[in-house]
Amino acid sequence: MARLAALFALLAGLPAALAVANVTGIYGIVERRMPQHARDFVFTSMEGDGDVFVVSDTVNKTGSITVTCTTTSACARGLYTYATEFGGVDIFWTGSRLHELPSPLPKVGTPINGSAIVQYRYHFNTVTFGYTTAFWTFDKWSLLLDWLALRGVNMPLAWDGYEAILTEVFQEFGLSDAEIFEFYTAPPFQPWNRFGNVQTAWGGLLPMQWISDQQALQKQILPRMLELGMTPILPAFTGFVPSNMSAHYPNASIIDGSAWSGFPSTLTNVSFLEPFDPLYPQMQQSFITKQQEAYGNITHFYTLDQYNENNPFSGNDSYLSSVSTSTIASLRAADPEATWVMQGWLFFSSETFWTNDRIEAYLGGAQGNDSMLILDLYSEAQPQWNRTDSYFGKQWVWCELHDYGGNMGLEGNLAAITEGPIAALNSNGSSMVGMGLTMEGMEIGNEIVYDILLDQAWSSTPLNVSDWVAKWAARRYLVKTLPTELQQAWTILSTTIYNNQDPNSQATIKSILELEPATTGLVNVTGHHPTEIPYDTNTTILHALQLFVNASKSQPSLKQVPEFAVDILELSRQLMVNRFIDLYTDLINTWNSSSSTAQNVTTAGVPLLSLISDLDVLLYTNENYLFSTWIADAKQWAHGNVSYAAYLEYQARNQQTLWGPQGNINDYASKQTAGLVGEYYATRWQTFVVMLAEQKTSGQPYNATEVSQTMLSIGQAFDLKAWGAAAGETWGTKGDTFQVVDRVLERWA
Ligand SMILES: *[C@@H]1O[C@H](CO)[C@@H](O)[C@H](O)[C@H]1NC(C)=O
Ligand SMILES: *[C@@H]1O[C@H](CO)[C@@H](O)[C@H](O)[C@H]1NC(C)=O
Ligand SMILES: *[C@@H]1O[C@H](CO)[C@@H](O)[C@H](O)[C@H]1NC(C)=O
Ligand SMILES: *[C@@H]1O[C@H](CO)[C@@H](O)[C@H](O)[C@H]1NC(C)=O
Ligand SMILES: *[C@@H]1O[C@H](CO)[C@@H](O)[C@H](O)[C@H]1NC(C)=O
Ligand SMILES: *[C@@H]1O[C@H](CO)[C@@H](O)[C@H](O)[C@H]1NC(C)=O
Ligand SMILES: *[C@@H]1O[C@H](CO)[C@@H](O)[C@H](O)[C@H]1NC(C)=O
Ligand SMILES: *[C@@H]1O[C@H](CO)[C@@H](O)[C@H](O)[C@H]1NC(C)=O
Ligand SMILES: *[C@@H]1O[C@H](CO)[C@@H](O)[C@H](O)[C@H]1NC(C)=O
Ligand SMILES: *[C@@H]1O[C@H](CO)[C@@H](O)[C@H](O)[C@H]1NC(C)=O
Ligand SMILES: *[C@@H]1O[C@H](CO)[C@@H](O)[C@H](O)[C@H]1NC(C)=O
Ligand SMILES: *[C@@H]1O[C@H](CO)[C@@H](O)[C@H](O)[C@H]1NC(C)=O
């Protein structure tokens, strides 16, 4: 803890002009990711405002590069700028390619510099801790934290181990362990318990072992964040309490929260201790103190959401402002410099409730513009800052949401991501202070749309998208210049798929293959979970895929580049799921035809089922697309305890399938992964085709309820399955991506 305390002294104590960037942690990145160059970089600190770096050749030492910076984060960004622009290498979610940096290191020549255009570069959505990182161990965290640091992120959310502190607080206030653990949800559902959306674990109570393991993980994550120059945002006491709290404090103002997403009231309607009750600041003080004791005084930023998809008890302005006045008072009593960080999703999702008057009353209750930091959560498509007069002066962050539930589907709007934040920053009276990513899940296919935003945070004018894409793709494939075919392919993609101006489909586009089969309601859905395809597949996805295949033939070494393999798989996957829509439409048209027979329906189902099986074969060829990885990651936390492993496996499966015991938000976090496609979605569609054919034979009216109940039981059976793989093992890959892609083109182009 000594080094945490030392860093804290730096953060908190010294006047800005004397602050010295501690660059020790940046040498750590070099050692981890490019060990052969461990002695080839020099990082030094300089005085100056903001985050600024200068990269130059080290004087009198050939083959050495010097990065000088005003902050630790700026030094990391300087190293990244060098690696990407001079070294032609990058680090991706699929792995770090920084070790491919040439030796000797390329010269810089005239020094280059860069500076961040905003004070805060932010990362995470509270629910990313459910959809993506729920079962991660520190190895995966370490890669992501380097990815973030190098891109210049200096403000990540850090939720792990929250329940360790919270449990101690509840115990101190007299609740029994039975009462406390009845409140918690299971591991991959913790974010929604923290939001007060759901309570009580279906499938078995949360084990204490999970909580202590997560706190141990947090004790690895936080020091790493600090040494990489990041200020973590830590949790606070929100007010959500076990339902028995009111039995212990009959006079306390504890109200029943609202119901969430159709869950039965035993699993939702979470009890909320109102912040103006005298008990609230006591519990807040207890929470913050315990958290400081556990991790040191490492931050003044606290994430605290009271009304995320929960409506307040009252819509009176005076009620709302008294809630926020009391909330910030409780935080500042515990930490006088506290800033309250809040996700602004509610202002969009509950737009009718959150009128401008109510938003002004709620935000205004917290005195001072620096008392809060609002994450404008969906700035690229549904900004709220512009209807709220820049959040009535409160500090806010321009955030890209883009992905719901870790869904997969190529989509993006690069123009909105590059021009949007610059326009917002330059708007009259702007109180924007940061830029960041708030994707619900970090799914693999669209990394480009996240990368470009974090680059935009270091450029005061909108990036030139076509230049940027060409450079990004070249280093992604480890080539000096992009082969002509790939230049063409990326021009197509960046001007169509990634230039999606359709206001109805501004998010990853979900495939109907992953949705519960039904005769209506699947195709052309717009809005929250769009299934409408806003581009022509033949001239975009298919054409780009053919160009990728040609490139792999004229330059076979590309096949060895992991990101090239992922991208060719992505295009093939997208082609297939788009073709699925046509096959589904054929099936339904056949079934709807008065002259068709059961045999006609069965025949129309054949290509559809065959596509699903081919898709599973494709996904099996790449380690990034295995459902078994999610399961194996979950099971590794069981320490060999068989029943605990089964519990974790059920929870992991349930999140990506039924999301709740009864399919409560069915398929919200669906994925196109090997196993999920070949076992789960395949079974549902096979059963559906059989049911449609049987209906033709029987002549009884189609019964949608019966179909849906059958699908639910398929889901429940799937969730209770157990895979043989030992903890920590996946099933491994099968087959060669490039051979399978050739077959995909033969069959599905
Ligand atoms: C670099 O080398 C030259 C010649 O040996 C010397 O005069 C100069 O002081 C050196 N500069 C630094 C910064 O070491
Ligand atoms: C950054 O580069 C510009 C243009 O070369 C130069 O004018 C400026 O002084 C440099 N800033 C720093 C901090 O080196
Ligand atoms: C909650 O309180 C009720 C009433 O006092 C009690 O019967 C019940 O056992 C408590 N629940 C738990 C989980 O202890
Ligand atoms: C700089 O950070 C490192 C950890 O990355 C720590 O060990 C060291 O004590 C810090 N130095 C100062 C002066 O705070
Ligand atoms: C609750 O309030 C009533 C009436 O003011 C009082 O008599 C009682 O002692 C209080 N109970 C507790 C547990 O504070
Ligand atoms: C749960 O909340 C809903 C409002 O969202 C309300 O209608 C319902 O009565 C609540 N149920 C319970 C048991 O409090
Ligand atoms: C942390 O901050 C609290 C008050 O916010 C203070 O009481 C405590 O002494 C601090 N701890 C350290 C190690 O500085
Ligand atoms: C805010 O910006 C969005 C996106 O450009 C636009 O759709 C919306 O109409 C704007 N709202 C207001 C109130 O100007
Ligand atoms: C979906 O939209 C496409 C393009 O507008 C149209 O051709 C197709 O008929 C629609 N399908 C359904 C089922 O509405
Ligand atoms: C796309 O290609 C398929 C297969 O060749 C063809 O059936 C379809 O008509 C084409 N669609 C459009 C819109 O051109
Ligand atoms: C049904 O199948 C028969 C025999 O293959 C075929 O002649 C007929 O056109 C089909 N009808 C429909 C509506 O698909
Ligand atoms: C539809 O199926 C459900 C579930 O099997 C059944 O309860 C219901 O009676 C059926 N409806 C009709 C109209 O047959």
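Predicted model: local features only at pLDDT ≥ 70, side-chain atom pairs only at ≥ 80, totals over all residues.
The partners are Cys69 and Cys75, with 2.2 Å between their sulfur atoms. In general terms, a disulfide is a covalent bond between the sulfur atoms of two cysteines. The torsion about the S-S bond of Cys69 and Cys75 is about -85 degrees, so this disulfide is left-handed. How do its two ends sit, buried or exposed? Cys69 is buried, because its relative accessibility is 0%, and Cys75 counts as buried too, with a relative accessible area of 0%. Another cysteine, Cys399, is buried as well, at 0% relative accessibility.

An unreviewed UniProt entry lists residues 121–459 as "domain: Alpha-N-acetylglucosaminidase tim-barrel". In the model, that span is 41% helix and 12% strand. The C-alpha atoms at its two ends, residues 121 and 459, lie 13 Å apart.

Then there is ligand 6. Which residues surround ligand 6? The shell is made up of Asp256, Gly257, Ser258, Ala259, Ser265 and Asn269. A polar atom in the side chain of Asn269 is 2.3 Å from an oxygen atom of ligand 6, while an N or O atom in the side chain of Asp256 is 2.6 Å from an oxygen atom of the ligand. Ala259 takes part through its backbone, where a polar atom lies 2.8 Å from a ligand 6 oxygen. As for cover, ligand 6 taken alone exposes 360 Å², and the protein buries 42% of that.

Met225 belongs to helix H9, which runs over residues 208–227. With 0% relative accessibility, Met225 counts as buried. Gly25 is 200 residues away from Met225 in sequence, yet their C-alpha atoms are 9.2 Å apart. Thr585 sits in helix H21, residues 562–592, and is partly exposed at 31% relative accessibility. The C-alpha atoms of Ser115 and Ala74 are separated by 7.5 Å, although the two are 41 residues apart along the chain.

Most residues other than glycine have a negative phi, and most peptide bonds are trans. Against that background, Ser103 and Pro104 are joined by a cis peptide bond, with omega at about -10 degrees. Pro104 lies in the loop between strand S5 (95–96) and S6. Where is Glu309 found? Glu309 is in the loop between strand S13 (301–303) and helix H12 (317–334). This residue is not a glycine, but has a positive phi of about 55 degrees. At 29% relative accessibility, Glu309 counts as partly exposed. Trp659 also has a positive phi, about 45 degrees, without being a glycine. The loop that holds Trp659 runs between helix H24 (642–656) and helix H25 (676–698). Here the residue is buried, with a relative accessible area of 0% for Trp659.

Conventions:
Residues numbered from 1 in each chain as written. Chains lettered and ligands numbered in written order. Heavy atoms only, no water. UniProt positions renumbered as here; feature names shortened; annotations may be inferred. Helix = DSSP H or I, 4+ residues; strand = E, 2+ residues; numbered from the N terminus. Near = heavy atom within 4 Å. Polar contact = N/O pair within 3.5 Å; in protein donor to acceptor, adjacent residues only side chain to side chain. Areas by Shrake-Rupley, 256 points an atom, 1.4 Å probe, with all protein chains shown as cover. Disulfide = S-S within 2.5 Å. Buried < 20%, exposed > 50% of the residue type's maximum accessible area, 1.4 Å probe, protein only.
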